[in-house]
Structure formats: structure tokens, C-alpha cells
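Hello,

Here is the structure I promised to hand over. Please have a look at it, then read my notes below.

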Amino acid sequence: MTQNNRGEGTIEIIESSNLDTSSISISSSSIHGSGVFASRAIKKGERIIEYVGDKIRKKESTRRALRAISMAKKDPSLGAVYIFELDDTWDIDGNVEWNPARLINHSCDGNCESSVQEGKIWVVALRNISLGEELGYNYGYDLEHYAEHPCKCGKANCVGYIVAADQWDELRKILGGKKRV
Ligand SMILES: C[S@@+](CC[C@H](N)C(=O)[O-])C[C@H]1O[C@@H](n2cnc3c(N)ncnc32)[C@H](O)[C@@H]1O
Ligand SMILES: [Zn+2]
């Protein structure tokens, strides 16, 4: 970890020099662009990869989130998906090229989730994952802008849009039985 100052307040950078990427590979995805795939069989509960990036305080995190929201207004296909909460003081902004976990696509039936363990953010398997399976988790987007984020996860239970699971009932009411508006 090193110290840096980009004129945005002091941040720490969690670098990838000792990042263990042995469980994943990056490849093109049928869902969108590039995706992250299991390069070995992974057992439920296993840590797959650490989610690294800029370690930032809440004030800087809010500033970056607001900037991402403003960019998303200009280009609705963008979403603020990279900032994860580490603890009450710190967040991790994973929107850096040395963080392969940033390429994990959204899935309505995810096989992994993020989890804070021993002061780090990990991508952890929710179930057994086969070699070659694409990793996916729920991005937890708010229902408000659902129409701007159609989901292409291809799962049998896909709700049609990238929306947090606790808002699916509301989404289904809006869609009235259709997959898309
Ligand atoms: C963090 S990136 C994921 C990596 C991305 N595939 C890439 O190549 O850069 C997030 C973006 O990927 C796309 N994406 C991720 N999951 C998706 C899904 N289930 N359906 C449609 N687009 C998705 C959306 O454009 C989203 O804003
Ligand atoms: Zn889906």
C-alpha cells in the first residue's frame, strides 16, 4: 500500500503486486464486454479474489459517487458500480485497471457476492462454481433508473433489468408480467 495525493484529498492505493488472481481469468462475455470467469472449481464460501482499488474516505467517496451520477446522467448506460464500503471510515473505489474484479458483470442469479473479511473486501462464492463459469453478482442498482439498465444476464429468473433484489417485487409490479417495458 502506498500513499498518494491526486489533489482529491489523500488516498491510499491498494496495489496488485501480491494480488492472487489464480482463481480467475478475464475473457469476453455473452452478457457484456469483458467478464470474469472461474479458472478452477471453486467451493461455496471460498474467497475468489480481493476487490482492490483506491482506499478513500467517505467525503472523497461521496465526491466520486456524485461525479459518477453526473456522468451517468449524460450517458445513462453508465452506472456507479465501483465503490464498495470497507467500514465506517473507508470505502474502496475499484475503478482502477489493476482491479480485475471490476469486470464482474451483474447477474440476477449471482454465484458470488462481496464480503468484508479481515479488513479487506473479497469476492466470495455463494455456491459451488464450476471451472469456466462466469462470475456474477447483483449490482444493487436502485429501482428509480431501472429502464436505463436492461439486464442481459440470461438467467432463467432474470428480472429484465439491473435492480437490487429487494426491489424486484416493485419492479415486477411496474412491468406487469412483461420482461421489458
Ligand atoms: C463494471 S462494468 C462490468 C464489466 C464490463 N462487462 C466491461 O467490459 O467493462 C459494468 C457495466 O457492464 C455492463 N453490464 C454488466 N452486467 C450487465 C448485465 N447483466 N446486463 C447488461 N449489461 C451489463 C453495464 O454496461 C455496466 O454498466
Ligand atoms: Zn438478469
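Leu86 sits in the loop between β7 (83-85) and β8 (90-93). This is a predicted model, so the confidence values follow further down.

Is Leu86 buried, exposed or partly exposed? It is partly exposed, because it has 18 C-beta neighbours inside 10 Å, while a buried residue needs 20 or more.

Which residues does Leu86 touch, leaving aside those within four places in sequence? The contacts are Asp91, Ile92, Val116 and Ile121. Val116 is 30 residues away from Leu86 along the chain, yet their C-alpha atoms are separated by 6.5 Å.

**The β10–β11 hairpin**

Strand β10 (residues 112-117) runs antiparallel to β11, and 6 bridges join them. The hairpin has 2 residues between its strands. Glu118 takes a positive phi there, near 50°.

**The β3–β4 hairpin**

Strand β3 (residues 24-28) and β4 are also antiparallel, joined by 5 bridges. Ser28 stands opposite Ser34 in β4. This hairpin has 5 residues between the strands. Gly33 has a positive phi near 45°.

**The cores**

The largest nonpolar core has 17 residues. Which of them touch the most other members? They are Ile48, Val123 and Leu135. The elements giving two or more residues to this core are β4 (34-38), β5 (47-50) and β11 (120-125). β4 gives the most, with 3 residues.

Take Val123 as a way in. Not counting residues up to four places away in sequence, Val123 touches Ile48, Ile49, Tyr51, Ala101, Ile104, Cys112, Ser114 and Leu135.

A second core is separate and has 9 residues. Among them are Cys108, Cys153, Val159 and Tyr161.

**Confidence**

The mean pLDDT of the protein chain is 89. In the chain, 88% of residues reach 70 or more. Where is confidence lowest, and where is it highest? The lowest is in strand β1 (residues 2-5), at a mean of 49. The highest is in strand β12 (residues 136-137), at 98. Where pLDDT is low, the predicted coordinates should not be read in detail.

Best wishes

Note on methods: Residues numbered from 1 in each chain as written. Chains lettered and ligands numbered in written order. Predicted model: local features only at pLDDT ≥ 70, side-chain atom pairs only at ≥ 80, totals over all residues. pLDDT = per-residue confidence, 0-100. Helix = DSSP H or I, 4+ residues; strand = E, 2+ residues; numbered from the N terminus. Core = buried A, V, L, I, M, F, W, Y, C linked by C-beta atoms within 7 Å. Buried ≥ 20, exposed ≤ 12 C-beta atoms within 10 Å, placed from the backbone. Contact = placed C-beta atoms within 7 Å. Pairing = 2+ DSSP bridges.
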